[in-house]
Amino acid sequence: FVNSFQFQLSIGVRMTDYKEEQKSELETLRCIYTSEELCELSDNPYCFEVMISSASLNAFLKVQFELPETYPDAVPKITIPSQSGLADEQIEEIEVLLNQLATENVSMVMIFTLISAVQEKLLEYEKIACESLDKEKREMEEQNKKREEAVYHGTAVTMESFLAWRKAFEEEITLLSSVRVLDDQNVMKLTGRQMFERDASLALSDARFLNEGKSFLILQQSNLICVLCRVIFCVYFVSL
């Protein structure tokens with residue numbers, strides 16, 4: 001009976017130690033993380049979330065820890081209830097990493113260690129993303145350089161390409177010459193009426209000529225009247 005009582009008493013003391021150890025660890029986390037980063041959900045059992053973010057990736061995730069009664073001698077329950085900016089494969093990698101480290105650190109306070117491991121993983125993702133962007137930038141610069149060189153150097157001319165170009169050029173000149181000859185022949189065969197119908201400017205030029213001639217005749221008639229008036233006036237005074 002005495003041995004049984006002592007065993008139960010030792011268990012009670014150990015359970016008290018678990019609670020004190022968990023409480024002490026949570027107080028340490030409050031000193032490390034801000035109220036925006038650390039969100040306490042429950043104190044029986046202790047359950048809280050820690051938000052871990054990456055400005056370079058424009059991403060974040062919340063890791064939730066629920067401590068069993070015998071933590072740290074037992075593995076905490078770890079979940080990722082929300083995240084943004086990370087691929088599903090990356091979240092799976094982080095979950096595997098957290099569970100692996102939790103198993104390796106049984107009997108030791110481990111929350112800060114687990115959070116630090118996630119932060120290092122995000123830094124690794126940042127490095128990969130930067131390398132990918134640098135690679136894309138170099139490839140783009142290389143493509144632009146090749147296009148500029150192609151424009152600057154042009155296409156190399158060979159004897160075959162020159163002969164093909166000259167043949168096409170001569171054929172084009174011959175075709176244009178034949179079309180011009182046909183147009184000239186057709187113009188020579190047109191009647192006066194057809195020429196006026198084809199080129200309206202001819203009719204306009206004739207009308208302008210007639211208008212100018214009419215204005216000239218009116219001007220001449222006015223001058224003649226002025227001269228006659230002067231002659232009559234002179235004859236009248238002489239007769240007096």
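This short talk goes through the confidence, the strands, the cysteines and the aromatic rings of the structure above.

What we are looking at is a predicted model, in which local features need a pLDDT of at least 70 and side-chain atom pairs count only at pLDDT 80 or more, whereas totals for chains, interfaces and linings use all residues. Residues are numbered from 1 along each chain as its sequence is written, and side-chain values use heavy atoms, with hydrogens and water left out.

Let me begin with confidence. The pLDDT, which is the predictor's confidence in each residue on a scale from 0 to 100, averages 78 over the protein chain, and 65% of the residues score at least 70. Where pLDDT is low, the predicted coordinates should not be read in detail.

Now to the strands, where two of them pair if DSSP finds at least two bridges between them. Strand β1 (residues 38–43) pairs with β2 in the antiparallel sense over 5 bridges, and these two form a hairpin with 2 residues between them. Strand β2 (residues 46–54) is in turn joined to β3 by 8 bridges, again antiparallel, and in the turn of that hairpin Asn-58 has a positive phi of about 55°. Finally, β3 and strand β4 (residues 77–84) pair in the antiparallel sense over 6 bridges, with Phe-65 and Ile-78 as bridge partners.

What about disulfides, meaning pairs of cysteine sulfur atoms within 2.5 Å? The count comes to 0, and for Cys-39 the reason is that the closest cysteine sulfur, in Cys-47, is 9.2 Å away, too far for a bond.

That leaves the aromatic rings, where rings of Phe, Tyr and Trp (its six-membered ring) pair if their centres lie within 6.5 Å, and planes under 30 degrees apart count as stacked, over 60 as edge-to-face and the rest as tilted. There are 2 aromatic pairs. The ring centres of Phe-48 and Phe-65 are 5.8 Å apart with the planes at 40°, so this pair is tilted, and it links strand β2 to strand β3, 17 residues apart. Both Phe-48 and Phe-65 are buried, where buried means under 20% relative accessible area, exposed over 50%, and partly exposed in between (1.4 Å probe, protein chains only). Trp-165 and Phe-169 form a stacked pair, 5.4 Å centre to centre with 15° between the planes, and here Trp-165 counts as exposed at 51% relative accessibility.

Definitions and conventions
Helix = DSSP H or I, 4+ residues; strand = E, 2+ residues; numbered from the N terminus. Disulfide = S-S within 2.5 Å.
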